[in-house]
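Please read this briefing beside the model.

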There are 2 protein chains.
Amino acid sequence: MNGARSLVHTLRAAGIELCFANPGTSEMHFVAALDETDGIQSVLGLQENVVTGMADGYYRIAGIPACTLLHCGPGLANGLGNLHNARRARSGIVNVVGDQATHHRPLDAPLTADTDSLARTVSSWVRTSSDARHVGHDAAAAVQAARTKPGQIATLILPSDVSWNEGGVVAEVLRSPAPPPVDPFAIQKVAQTLRCGSRVLILLDGQGTGARSQKLAWRIAKATDASVMVSYGVSHFPRGRDSIPLERIPYVSAQATQVLSEFEHIVLVNSSAPVSFFAHPGRPSTLYRPETQVHVLTRFDQDSDEALQALADELGAREVGFPNVGPRPVPASGAPTPEGLAQTIAALMPDNAIVSDESVSYGRSFYQYTHAAAPHEWLHLTGGAIGDGLPVATGAAIGAGRRRRVISLQADGSAMYSLQSLWTQARERLPITTVLLNNRKYSILIEEYKNVGAKLGTTAMNMLDLGNPSLDWVKIANGLGVEAAKATNLEQLADLLNQSFKDPGPFLIELMV
Amino acid sequence: MNGARSLVHTLRAAGIELCFANPGTSEMHFVAALDETDGIQSVLGLQENVVTGMADGYYRIAGIPACTLLHCGPGLANGLGNLHNARRARSGIVNVVGDQATHHRPLDAPLTADTDSLARTVSSWVRTSSDARHVGHDAAAAVQAARTKPGQIATLILPSDVSWNEGGVVAEVLRSPAPPPVDPFAIQKVAQTLRCGSRVLILLDGQGTGARSQKLAWRIAKATDASVMVSYGVSHFPRGRDSIPLERIPYVSAQATQVLSEFEHIVLVNSSAPVSFFAHPGRPSTLYRPETQVHVLTRFDQDSDEALQALADELGAREVGFPNVGPRPVPASGAPTPEGLAQTIAALMPDNAIVSDESVSYGRSFYQYTHAAAPHEWLHLTGGAIGDGLPVATGAAIGAGRRRRVISLQADGSAMYSLQSLWTQARERLPITTVLLNNRKYSILIEEYKNVGAKLGTTAMNMLDLGNPSLDWVKIANGLGVEAAKATNLEQLADLLNQSFKDPGPFLIELMV
């Protein structure tokens, strides 16, 4: 058995079911091994940032790592943007990166690059396989790392001779380590704060935003008069009528500072202390008051369900009913607005939909209008590297077994980063409705530019404007194999949404905003 | 003056005239400084690999570095593929990469990444500016590095506070070092080899492929019965009726080995000893015979014109006339073939055209049919990281002052990597004719897969085929603002080429092959 076969069989035995791929010459033995092995499905992306973004979306929904197949250093480099986001989402991914044969590398052939250094910038685990006899074991270790809770990026660099040489051995599955235990002292300290302290915020992220932790946090908050919020860049968040109506920390730092100014204590549940996305001259980098005390209940890798249960018990917090989120919204009408869009989507989304949200500045207020929607899961841009919305939607649809509708809320500037995703959506006939928010500019940057206090001259506007020429997203989508239509008001949007929800394949609605 | 202004004024003083940009929040002070400064033109790309590829194409034609403006680590990461190619092309580029403010970085806000490590994988020079007072000097040093012959990638990382703080000082221009002198001993040794040795190949690359070196090498070859070829991945190569009809070393290693087997000596002129692009099982990595002697006349950073002149003098090689390249070709007809396409383009291309060639497997035989074309310059994919053809064409058109027709020969799979380039071509009204070779598959990989000896099953074909759904490049181009039409035979191609050459703007011809 050659190295490539031992690698594929080991991945399969360790529970990998999906390979998101854009292979090259040095990966042909791996492709051949995939071809002859049942149980790992391959999905092609036409650029690597699509491939890695799909793997991120898949993990957020399926909860098990996929592998990616990437070609040499530059292929990995093309996919680093969405690996950055996946790292921030703490998604588990096993990257398999083909590389020059070990004896060929010193010759510095054109595609030779510093693959190891590139991989280290985003990976928790990196190894270059050096021998066909070891690659099975290396693959088992990679999956072990990727499955380490909450999820890690593991990158296995695979020289082509290690792939084609004989001597491969299928390795046994390596168990991932248990999460670090919950700290009883932290529970005591937080309980004391909640008993005595006034104005406490419980801030959720990661597992802490899951259904059970949400409800426990809510119960604790009701018993102690605390508040509950979630981080701005939460990776996947169950919401809607069966969930607690929680808001995110706002993106705009002045608003976040305002919201957080009322709290004397912040309790972190798998979250980090809130800091602004970027620094601004003369403004503080942290978003809470200097005198606010920050308490860590659980770190990102600890079990928030267990810690919150223990905290609720310690506080004797009683079961509480769900807050009333009001009636299910009705579709809005007229010219598109952020509120109207959110309301229309909340009104029409099917049960258990998945929302992939890269609406950027347009979508900052969506939460308040969607609490009463059907139960759904909301996925955000975790790391701020734009271009994750479309591939995350694509991977999420596959992660959900193609059985849940994905609604992809997508700003135009960001969509241009990974528009190749639409082709994979068409090829795989995925149930994805993209709402493409065409505002013909980088709105977020125009806003930031104005903050600098400079006047918006021709050169600056030339770097922030997408309107010359206008992108025609219906044509672009059609060219990539996806049906599409334009909507200029919310009634048209509602009709197109309803129509697309009936079709099992992808559809793109270009909403002129 | 703030840091950003001192940076922009220093770049301008050091001769930078172009900024290829995709800015983000942390670069707004730099954008404002560009806005108020005359003499640096800004060109927007809608994804960073377009931005860096344009800078590469610009340098290859203009011969002076442009700067790029990239957003944080992930923005740089998105542009690394074409920086890899630019590094192989030895193009001079000054990357300005915005980053978190120095005091904000330790807080690990979402977009924080290991920008320095990412930059080092492709750059000859990297510096993080730490103070507004020093950024002018840092910029001068960056341009000095980028201008060091033949050209280098210099990356200046610019924390946002260094940009907005006052105290900036415009720095004086720093002269780039002179190239290392030509080695008289090497000239003697090569002269002796050429006098005595039989079967000598003079292999040109870099400056060695330029007009003067070509003619000198030809004169030497005629005097000594040697042969002359150019490297496979030559960055820019003057060709056509006023040049020597030289062939490249073939890509396919069996062919290259065959071609090189006749030589006992290889003389390197700014080139490297030929090695195969990838290793293959049981085949040697070097393409020449083990007993062939390799002689370095000039390294990549030495002056090939001077060395070849000295060599010609040493050998007493007389001036020789140009070889007869035959009549100018006439357009071919019928179904598209590589030969027919090359012949048609050779027949119709205007004087001083620039060819950006990412035709990959389809275009390997183009040279032999284009020696008798009008004088032109041919640009290749230097580093093998696909997705450089369209952005290099875009940057080249700007580097030529929009006064030369660019013909972009582009394979479909590679085009999908950086199709956003078409939008910039439309926005800037650039004289670019793209011939999009739509074969609906990754041909080069299918060829390589067959070499592995495996049968092409469903899974493998699924990873190598682009035909389901078919990409419609006319729609894609139109959606991005570029006029386009389909051609299914060479007569239609000829008509569309002629039509596009009359229009100053871009045009895309989807050639079904």
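pLDDT is the predictor's confidence in each residue, on a scale from 0 to 100. In this predicted model, chain A has an average pLDDT of 96, and 100% of its residues score at least 70. For the complex, the predictor gives an ipTM of 0.97 and a pTM of 0.98.

**Conventions**
- Residues are numbered from 1 along each chain as its sequence is written, while chains are lettered from A and ligands numbered from 1 in the order in which they are written.
- Local features need pLDDT of at least 70, side-chain atom pairs count only at pLDDT 80 or more, totals for chains, interfaces and linings use all residues, and side-chain values use heavy atoms, with hydrogens and water left out.

- The same surface serves both copies, as 100% of the contact residues of chain A recur in chain B (contact means heavy atoms within 4.5 Å).

**Sheet in chain B**
- An open sheet of six strands has the order β2-β1-β3-β4-β6-β5 in chain B, with parallel pairing.
- Strands are DSSP runs of E with at least two residues, numbered from the N terminus, and two of them pair if DSSP finds at least two bridges between them.
- At the edges lie β2 (41-44) and β5 (125-128) of chain B, each pairing on one side only.
- Strands β1 (residues 18-21) and β3 (residues 66-71) of chain B run parallel and are joined by three bridges.
- Ala21(B) has Leu69(B) as its bridge partner in β3(B).

Methods:
Helix = DSSP H or I, 4+ residues; strand = E, 2+ residues; numbered from the N terminus.
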